[in-house]
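Subject: Structure handover

Hello,

Here is the structure for your files. My notes on helix packing and aromatic pairs follow it.

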Amino acid sequence: MATNGYEGVLKMIEELTTNAGQIQDEVLREILSRNAGTEYLRGFLHGQTEKQLFKKNVPIVTSGTSGGQPKMTPVTSQVTKNCELFRGFYESPVIKHFGDINQAGKRMELMFARPEIETPSGLKAASVSTSIYKESKFRTILPKLYTSPIETIFCPDPNHGLYCQLLFGLIQRDEVVTIGSLFASTVLRGIKFLENHWQELCYDIKTGRLSDWITDSGCRNAASLVMKPNPEQADLIENICNCKSWEGIIRKLWPKARYIGCICTGVMRQYIAELEFYCRGLPLVSAFYACSEAICGINLEPLCKPYDVSYTFLPNMAYFEFLPVENDHDESIDMKKNDEDTELVDLVNVKAGQCYELVVTTCAGLYRYKVGDVLMVSGFYNNAPQFQFVERKNVILSVDQEKTSETDLSKAVTEAKALLDPLGFILTEYTSYVDTSSAPGHYVLFWEIKGKEGKHCKELDPKIMVECCSRMEESLHYTYKIYRKRNIIAALEIRVVKQGSFEALMDYYVSKGTSLSQYKKPSCIKSEEALKILDSRVIGKYFSPKSPL
């Protein structure tokens, strides 16, 4: 987008947010007029398109991806049009604050396509990002605006692709004006990878030759077109990387970078502190909020702290409704008991400070569809509400983009603990958390085990605990297994704690005001103090020895 074009888009945002209620009614009317004849809507609306009839008759349906299972959502020409329009909306506030990045230099953006699959009906299915990378328009602008050749994006081995994308980013380091990826976890993974491979990367730059272990022909061909010996650049990068602390390393390696662009909200908040260490002083910009089911909102204040990001919903992207949720006194957000008994709230009628689950109706054929995201109203911009992401409903563990629910975890634990029973041991308590102190992150389970008939848990064969780790991974959902295979998630770990550890945990929560009669052991530990209580009582650590696939 040209710099002089963003002002027109900002004016359009003003008009949209000012007339949010009217535009929402128009969006719903258009969706119902277009789709009233579909088999699904005919059963509830009988060909009519009135808003009140829609709200009265069309049921709320459950979210599709919050439980970890990959689901397919339809893509129509209108969806594609909305995506193109949305890009202008979320880039305009960024251009306002940082200038036109597209005119200033190149983006070093870590991008990874995934193979397409074919549905039984013969339709092609792919991730949203892969669909974008396949578009001819993207391929046309890629060499001018990005450091990564298309071959590295579509490399079937993600480690080969990551190595090459970092290599090309270093070769073009003087042109890089922004660094990022879709999610903060991917940016951090890239920096950790660089930390482990910088010497080899410097050698490749010095010799002008790609390392032999990169066997992908596409990557090698792309490298042969641009690589040439550059010992001066290699020595400079080597001097930067060969230091005691990597604090601020991103700014040192790419001195012209203006910001880091990636989603840092939601589950990605866990990566903010470490990213800030590596990019010391560079803003972390979460530009937009979208989900598989719908495009939703933009960040009008890209310079705000990542923990304070609010997204202003755009009323022309979908028809939005909100299911009120209530705060639990423990560490979670609970839905009100029966969705059917709770009236959904329109976009312009939400209340500041209240939490809601997002429900969408889209032009692609989703009607009153619960996305599974819990949001809190942080304020309003004109008449459009601004939301902060709170959490995923029922999701308690997530390292990257996988979503593991309490039900998923319980099922896996049940499968694993069955190995203990014949040996005279029982699992009495467990909880979990995601350890991101190293990359990639991994799931950690705290287990308190009791021996039957006087047995002590120290008598338990370590090989059995390792097998428990494997059994858990084998029992988790498909997305988790794929991410483990691709090393996006590291091996699951079980930490056995001594007897009485979970009593100490309960004492801690009671000391913080939880009623003893209403205490619920958290399925996932979010408190640093609670984590310290369990970690201080660990008597054994065990890891899954191999990927479950």
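Tyr40 is partly exposed, at a relative accessible area of 33% (buried is under 20%, exposed over 50%, partly exposed in between; 1.4 Å probe, protein chains only). The model is predicted: local features need pLDDT of at least 70 and side-chain atom pairs count only at pLDDT 80 or more, while totals for chains, interfaces and linings use all residues. Residues are numbered from 1 along each chain as its sequence is written, and side-chain values use heavy atoms, with hydrogens and water left out.

The count of aromatic pairs is 23 (rings of Phe, Tyr and Trp, the last by its six-membered ring, with centres within 6.5 Å; planes under 30 degrees apart are stacked, over 60 edge-to-face, the rest tilted). Tyr40 and Tyr367 are stacked, with 5.7 Å between centres and 10° between planes. They are 327 residues apart. Tyr367 is buried, at 6% relative accessibility.

Tyr289 and Phe313 form a tilted pair, 5.9 Å centre to centre with 35° between the planes. Both count as buried: Tyr289 has 7% relative accessibility and Phe313 has 0%. Ring pairs also join these two into a cluster with Tyr311, Phe320, Phe322, Tyr356, Phe387 and Phe389.

Separately, helices H11 (residues 184-207) and H13 (residues 231-241) pack at about 165°, their axes 7 Å apart (axes are lines fitted to C-alpha atoms over the stretch in contact, and angles run from 0 to 180 degrees between N-to-C directions; helices are DSSP runs of H or I, at least four residues, numbered from the N terminus). H11 and H13 are therefore roughly antiparallel (over 145 degrees; under 35 is roughly parallel, 65 to 115 roughly perpendicular, the rest oblique).

Regards

Definitions and conventions: Helices (H or I, at least four residues) and strands (E, at least two) are DSSP runs, numbered from the N terminus.
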